[in-house]
Amino acid sequence: MRLRCRKEGEPMRIFRTRKQFLVFFMPGFLLGIIYVNFIAAKYMAEPGIFSEYFLDQFDSVKIEAGEYIWYLLRVRVLPFLALAGIAFTKMRKAAAVLFLFWTGISGGILISTAVLNLGIRGSLLCLAGLVPQFFLYIPAYLVLLWYCCTAPQNRWNQQKTIFVILAMSVGILLELYVNPLVVKAFLSVF
């Protein structure tokens, strides 16, 4: 295997494969875990969404789809649209790296808080909270992030647009109607 030097004037490529997304996600994930366990440990003992009381209340709550849809649009679509908007500027690679790092931090904090309060049940609850919608959100974001990291060599096209719109839309519908049932079923078993 020969190493090839970059040609004069050729832009440096940060990403050669999608697996390299983990290079920016995993340090953030580790930082989130460190934050919860060493910096914010005293705050994590306070009651929150991973308390037994909150989880018992969740089982009896009826989710209003009309109100929940606006919440989902705000927390799922707005960040996606912001990243999509930046994807068509010169800051796209920096935005992709920051997004992956921030997502890692958020994931590390969420998982660590859940495990700290509920043990292994907390990590399983986090997984239940991601099913089935994240099977659609993740590919939609990966398409957008891959474009951010490979443009201008990789062009945005109508197929990508249709795919990400369908994936995000179906993901939101699944999170709106199916995920609450999955989480309630999980809570009734555990």
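A residue is termed buried when its relative accessible area is under 20%, exposed when over 50%, and partly exposed in between, using a 1.4 Å probe and protein chains only. By this criterion Ala40 is buried, with a relative accessible area of 2%. The model is predicted, so that local features require pLDDT of at least 70 and side-chain atom pairs pLDDT 80 or more, whereas totals for chains, interfaces and linings use all residues. Residues are numbered from 1 along each chain as its sequence is written, and side-chain values use heavy atoms, with hydrogens and water left out.

**Overall architecture**

- The chain contains nine helices and zero strands; helices (H or I, at least four residues) and strands (E, at least two) are DSSP runs numbered from the N terminus.
- Read along the sequence, the pattern is α-α-α-α-α-α-α-α-α.
- The chain has 190 residues, of which 33% count as buried.

**The largest pocket**

- The volume of the largest pocket is about 1800 Å³; grid points are joined across faces, edges and corners, and the volume is the space filled by probe spheres set on the points.
- A pocket is defined on a 1 Å grid over the protein atoms alone, with a 1.4 Å probe, as an open set of points with protein on both sides within 12 Å along at least five of seven lines; lining residues have an atom within 4 Å of a point.
- The lining comprises 45 residues, and those closest to the centre of the pocket are Arg76, Leu110, Gly129, Leu130 and Phe134.
- Helices that each supply at least two lining residues include α1 (21-39), α4 (65-86), α6 (120-130) and α8 (158-177).
- Helix α5 provides the largest share of the lining, eight residues.
- By residue class, the lining divides into 35 nonpolar, seven polar and three charged residues; Ala, Val, Leu, Ile, Met, Phe, Trp, Tyr, Cys and Pro count as nonpolar, Asp, Glu, Lys and Arg as charged, and the others, Gly among them, as polar.

- Ile120, Leu124, Leu127, Leu130, Val189 and Phe190 make a nonpolar surface patch of about 590 Å².
- Patch residues have over 30% relative accessible area and no salt bridge; nonpolar side chains (Val, Leu, Ile, Met, Phe, Trp, Tyr) are joined within 5 Å, and like charges within 9 Å.
- The accessible areas come from the Shrake-Rupley method with a 1.4 Å probe, and for residues only the protein chains shown count as cover.
- Helix α6 gives the most to this patch, with four residues.
- Leu130 is found in α6 and is partly exposed, at 33% relative accessible area.
- Gly129 also belongs to α6 and counts as partly exposed at 24% relative accessibility.
- The C-alpha atoms of Gly129 and Pro180 are separated by 8.1 Å, although the two residues are 51 apart along the chain.

**Salt bridges**

- The structure holds two salt bridges, each defined as a side-chain nitrogen of Lys or Arg within 4 Å of a carboxyl oxygen of Asp or Glu.
- Side chains of opposite charge can pair when their charged atoms come close.
- Glu52 is partly exposed at 40% relative accessibility, whereas Arg121 is buried at 19%.
- The side chains of Arg76 and Glu175 meet in a salt bridge at 2.7 Å, N to O; Arg76 lies in α4 and Glu175 in α8, so the pair ties together parts 99 residues apart in sequence.
- Arg76 is partly exposed, with a relative accessible area of 23%, while Glu175 is buried at 4%.

**Cis peptide bonds**

- Val131 and Pro132 are joined by a cis peptide bond with omega of about -5 degrees, and Pro132 is found in the loop between α6 and α7.
- A cis peptide bond also joins Ala151 and Pro152, with omega of about 10 degrees; Pro152 is found in the loop between α7 and α8.

**Other buried positions**

- Ala40 is located in the loop between α1 and α2 (41-44).
- Ala40 and Thr113 are 73 residues apart in sequence, and their C-alpha atoms are 9.9 Å apart.
- Tyr147 lies in α7 and is buried at 8% relative accessibility.
- Tyr147 and Lys160 are 13 residues apart in sequence and 9.5 Å apart in space, C-alpha to C-alpha.
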